[in-house]
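Have it open in your viewer as you read.

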Amino acid sequence: MVIELILMATKSNKAIKISQKHLLGIQDLSITDVNFILSEAKQFINLNRSKNKKLDTLRGKTQINLFFEPSTRTQSSFELAGKRLGADVMSMNIVNSAIKKGETLIDTAMTLNAMHPDLIVIRHQDSGACNLLSQKVNCTVINAGDGRREHPTQALLDALTIIEKKGKIQGLKIAICGDILHSRVARSNIYLLTMLGADVNIVAPTNLMPKDLEKFGINKFSDMKKGLYDCDIVMMLRLQNERMNSSFLASNREYYEYYGLTPDKLDIAKDDALIMHPGPMNRGIEIDTNLADDINKSVIQEQVELGVAVRMACLKIFCN
Amino acid sequence: MKKKYFLNANIIDPKNSLEEFGGLIISEEGKIEAIGKKVNENNIPSREKYIDLKGNYIFPGIVDMRVFVGEPGYEYKENFRTLSNAALSGGVTSVVTMPNTNPIIDNVSMVDFLKRRGRDKSKINIFPTASLTKNLEGTNMTEFGLLQKKGIIAFTDGSKTIQNTRLMSRIMNSAYDLNALIIQHAEDSDLADKGMMNDGIISTKLGLQGIPDVAERIIIERDLSLLEEHKCRYHISQISSAKSVKIIKDKKNFLKFTCGVSINNLSLNENDIGEFRTFLKLSPPLRTEEDRNVLVDGLKDETIDVIVSDHKPEDEEQKRLTFAKAATGSSGVETLLSLSLELFHNESLKLNTIIKALTSNPAKILKIDKGNLSIGNNADFCIVDINKPWVVKKENLLSKSKNTSIENKKLQGKVTNTFVKGEELYKI
């Protein structure tokens, strides 16, 4: 059904408009918005695989990447996406900027706003930073991750990967496992995958499970073996060690024993279950290193590849 | 000062169990000379001019037990003059100020400064507290006896909690010996660490670190267990959750202590935070609608004694930040009464219950002769049109800081005049 929707959307792209000015989170999007973005993204997949990757869709537009947190794949993905669409892309180096001198987010935003960018892509360690920014600037704001709240383009690229591999999302059983408490990827995926009709299992030790999560229409498990049963997709999350400010877990090795994705645990899922991971991975902590590299099971590289296509779609749609 | 006559008012004075239609006479010395139904057109000298209140209300001047003032150290947020003007416009004539200033009010030399500034710059009654521990560090207690002699009304670490149980027991013993009032802000700092709002579905959705209600409960349970062994004058500053109300209700059956609630927690809930409204980042945090309802019931059955404004002025710079970095607290002394009246208009509480929690109850806890209209007492009171509709606009607020939690809220009931010692210091 999703495919049909996407095809429909593709045919009538001209008629469809996105409901939001900014891409701050999946929570703000309608199913029509999501299908619109995914259908656009699909068209960019082949472009990215071809020799000439450059378009002039965003020629003359200025995109500023404002990353307050270190990032490899998201920042480079957004940078490539912007460049392939023909935009002028500037990535701010926070380490050398006035922010290090104590400038507030709003002042930084006002400064950048005065330079008339068309797009600001922001990643920030505080939840809601992109919302605050969007209230202060005239251009479009794209959230590349805010605190533990949302990471919408990651969820969209995950959805696109699943659709590419499984042909659909509706009716699939998808397990999201690991440090849910600190994860914006988990939150965005919960909103998106439930919206698209998946049956979502959330697997985490209770210390890493946010309060009242079951109210989002998911199934909660602290026993990974139960949570993986019969799943089509196993999405592993990074154990965000750098955010642990007190003892959530006893040790990495115990975590691996109970929550690391190992071949025996993967056996509980469906035979053709796929492994996903937003990266960067902690091999031997949340995922067995051989599983991560198993090209028959792991689609981690595809996620990165489709990430560029999804971000191109988002930049194109939200910039107009 | 000329004698003043007010007639045709609805008078509520909970301390004297007075709730009747009548008048008020203020003596030339600014004292209450006569009050009640016996004061009417027929028995005042016919030559005297009187003010016809046409059914408007007279309440005793409000006693606000929890107010932060910026002096010394944060004068840019609020000074005694701006605090005084803000309070008067809300019918508040007595405030208890928190010691969280810079420097902190933790020694006798600071008290003289405070009293002098308070006297010179403000027109309302200022009752300063001092900190429970030196420099609010939670390790060594301050000189309750000497500070009290200098005029300190109570002891509290303000927005901080005494975490150390042994220290708390010793504080209680000293408070008993010196007859000092201890005010605790109840929150376990480990459980609340880095917390910004109630722990629940909204915090999960917004991706903000939650503060579980058990963080409050655990300190209340601990303190009340200690209080059984170490009796003293103990007051819980302000509670936020249904669980706390239940514990307090049970313990009040056999223990003597008191407790307050912020008008914010009585009127708002966590949903009001919406999309990261930093003006609603409060301590204790706003909790669920169910918690709010139980707090209202707690006032009804007198489990909760006092309503406070928890007035915490913060300049805009401290609020124009991400939720994580924004300062905690809201300005509220001037809207305390009007917002409380909402609970009367929506039939949650009786008017008398509300006024009692704003006047005679805090005065009784503090052992001060304020918040009443007793004959011979200073005429500190306000006149209120309880039906007058108005909208809270930050540009109209008199406090130096405009961080109100209820910007644009429509309220019903406004103070029209406020008197201190018989002198009209505020007129709408």
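## Cavities overall

Search the whole structure and you get four cavities of 30 Å³ or more. Keep in mind that this is a predicted model.

## The largest cavity

So who lines the largest cavity? The residues are A:Arg73, A:Ser77, A:Gln154, A:Leu157, A:His277, A:Pro278, A:Gln303, A:Val304, A:Gly307 and A:Arg311. Sorted by class, that lining has five polar residues, three nonpolar ones and two charged ones.

Three helices of chain A each put at least two residues into this lining: H3 (73-84), H6 (152-166) and H12 (300-319). The top contributor is H12(A), which supplies four residues.

## The second largest cavity

Over in chain B, the second largest cavity is lined by B:Leu299, B:Glu302, B:Ile304, B:Asp305, B:Thr353, B:Lys356, B:Ala357 and B:Asn361. Which helix gives the most to this lining? That's helix H11 of chain B, residues 351-358, with three residues.

## Where the chains meet

Now for the interface. Chain A brings 24 residues to the contact, and chain B brings 17.

## Polar and charged pairs across the interface

How many salt bridges turn up across the interface of chain B and chain A? There's one. It pairs the side chains of A:Asp126 and B:Lys325, with an N to O distance of 2.4 Å. That falls inside the 4 Å cut-off used for a salt bridge.

Polar contacts link nine residue pairs across the interface of chain B and chain A, counting pairs with both residues at pLDDT 80 or more. On the side of chain B that touches chain A, the residues divide into six nonpolar, six charged and five polar.

Definitions and conventions: Residues are numbered from 1 along each chain as its sequence is written. Chains are lettered from A and ligands numbered from 1 in the order in which they are written. This is a predicted model: local features need pLDDT of at least 70, side-chain atom pairs count only at pLDDT 80 or more; totals for chains, interfaces and linings use all residues. Side-chain values use heavy atoms; hydrogens and water are left out. Contact means heavy atoms within 4.5 Å. A polar contact is a pair of N or O atoms within 3.5 Å; within protein, one must be able to donate a hydrogen and the other to accept it, and residues adjacent in sequence count only if both atoms are side-chain atoms. Ala, Val, Leu, Ile, Met, Phe, Trp, Tyr, Cys and Pro count as nonpolar, Asp, Glu, Lys and Arg as charged, and the others, Gly among them, as polar. On a 1 Å grid over the protein atoms alone, a cavity is a set of points where a 1.4 Å probe fits but cannot get out, and a pocket is an open set with protein on both sides within 12 Å along at least five of seven lines; lining residues have an atom within 4 Å of a point. Grid points are joined across faces, edges and corners, and a volume is the space filled by probe spheres set on the points.
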